[in-house]
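Me: Please show me the sequence and the structure, and then let us go through some questions.

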Amino acid sequence: MATPKGHIGYPVVGDKSLEFYKDPIEFVNRRIEEYSERIFQSRVINTPTVFIASCEGVHQLLREKNKCFEMGYRVFMYSLYGDNLLFSGHEEAARIRTVLQSLFCGETVKNWDGLIEKLIRRNFSNLHSSSNTAHPMYEVFKQFATELSLSIFLGVDVEDSAEFTKQITQLTTTHWHGIISVPFSFRVPYWSSGYKKAVGAKKALFDLIYKKLSDSKDGEFLHQIRTAGFKDTAEAAHHALLFISALVPKAIASLLTSFTILMAQPENKHHKKKASESQKYLQQVLLEVQRLWPPFLGGRRLATQDCIVDGVKIPKGYAAVYITYAAHRDPKVFPQPELFHPDRWQTCNAGQEHLLSCYGSGPRDCIGKVLMERMIQSVCQYLLDNYTWSLPDDQDLTHKWLPVSRPKEQVMVVYNPTSKKEQSSPSTQENHA
């Protein structure tokens with residue numbers, strides 16, 4: 001057992017929140033280099049914090065050591081989301097997950113395939129309509145994911161209810177801005193006008209969801225949510241609020257944007273070709289997208305007891321911040337960690353998909369993981385089947401990391417349709433069967 005290297009500093013004056021939030025990857029990488037360790041301590045949000053950037057450490061924290069910690073998001077998000085799975089203790093979370101699993105099981109997710117295909121055609125079938133027109137794809141992907149979330153969880157027909165869809169989207173955007181309106185280390189509720197607006201948007205969204213759930217009829221998915229086994233309609237509404245919030249569309253847009261950028265690089269041309277011909281290889285490509293560019297930097301836990309993680313002691317009362325980005329690039333686990341190498345999932349990292357924490361891991365992982373993966377693969381397959389694409393020159397692809405990982409500047413992409421022969425080739429059809 002070892003004490004984490006680094007310094008927790010004095011309260012307030014020793015706080016490193018601004019440095020961390022300014023560039024979290026630089027913050028973490030510099031300390032990994034300085035301490036020659038992937039677990040270290042500092043003071044963030046005026047709390048002694050152990051940063052975990054080793055793959056094994058993150059794996060232990062989220063799985064076998066999970067019960068030594070509670071979720072660490074309440075201080076940031078509770079007033080904007082209310083009672084839901086993110087803020088629940090272990091026993092309560094187990095009860096809620098049992099309820100939610102009936103809504104997100106594999107068979108239920110398959111029922112949404114037709115809706116996913118419909119919205120894919122609606123959002124992506126005309127990307128080539130104007131020659132050499134560049135599209136802001138992060139925004140396009142986010143719009144698609146928003147429409148899908150509203151269609152599934154609110155029963156909204158986005159084609160027939162354009163104004164209503166626009167209204168809800170604006171509310172979810174205002175709601176999201178409450179989380180990012182003030183740096184976390186200095187937020188005082190209601191001091192920020194953005195925060196006040198977000199609280200108002202949360203109330204409007206909750207009231208709308210509550211009414212839709214109350215009015216839902218047998219056979220509608222909203223009715224399935226209401227009768228799934230939540231304690232009451234309010235608890236069901238708080239979870240529906242989480243599902244339709246901007247959090248999910250931003251995560252999906254982040255992964256799809258990363259896929260688009262990687263597949264546009266000349267050095268990845270052969271990976272793109274193999275992915276277009278084989279669903280299995282596309283899955284490997286998407287695993288590598290998750291590994292290199294997870295949509296969320298990591299997560300936060302609070303130690304409820306002294307705990308040893310990857311040989312390092314985390315004292316009771318400390319926060320533990322796990323860094324997914326760094327854990328996915330741990331050279332002890334992933335050879336040549338900076339290299340985009342989809343074949344690793346058949347060779348050096350075969351059978352190690354469970355070490356990725358893009359969607360969390362263990363008993364508190366993302367309950368909608370199956371739906372998200374199915375949706376993302378469907379979009380990628382459609383784009384590969386129907387388009388070639390390129391990025392105009394002189395774009396800044398430098399990433400920002402908080403609150404969601406994505407390029408700082410809008411990524412513009414030019415699409416051209418594949419030929420009819422390419423779309424209907426026997427080899428492609430055989431591999432997609």
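Reply: A polar contact is a pair of N or O atoms within 3.5 Å; within protein, one must be able to donate a hydrogen and the other to accept it, and residues adjacent in sequence count only if both atoms are side-chain atoms. This is a predicted model, in which local features need pLDDT of at least 70 and side-chain atom pairs count only at pLDDT 80 or more, while totals for chains, interfaces and linings use all residues. Residues are numbered from 1 along each chain as its sequence is written, and side-chain values use heavy atoms, with hydrogens and water left out.

Me: Which backbone oxygen does the side chain of N123 reach?
Reply: N123 sits in helix α7, residues 113-124; helices are DSSP runs of H or I with at least four residues, numbered from the N terminus. At 2.9 Å from the side chain of N123 is the backbone oxygen of L119.

Me: Is N123 buried or exposed?
Reply: Buried means under 20% relative accessible area, exposed over 50%, and partly exposed in between, with a 1.4 Å probe and protein chains only. Not counting residues up to four places away in sequence, N123 touches V140, Q143, F144 and E147, where contact means heavy atoms within 4.5 Å. The relative accessibility of N123 is 16%, so N123 counts as buried.

Me: What is the relative accessible area of T108?
Reply: T108 belongs to helix α6, residues 106-110. Leaving aside neighbours within four places in sequence, T108 is in contact with S102, L103 and F221. T108 is buried, and its relative accessible area is 12%.

Me: How far does α12 reach from its first C-alpha to its last?
Reply: The expected span of a helix is 1.5 Å times one less than its number of residues. For α12, with 12 residues, the expected value is 16 Å. The reach in the model is close to that, at 16 Å.

Note on methods
Helices (H or I, at least four residues) and strands (E, at least two) are DSSP runs, numbered from the N terminus.
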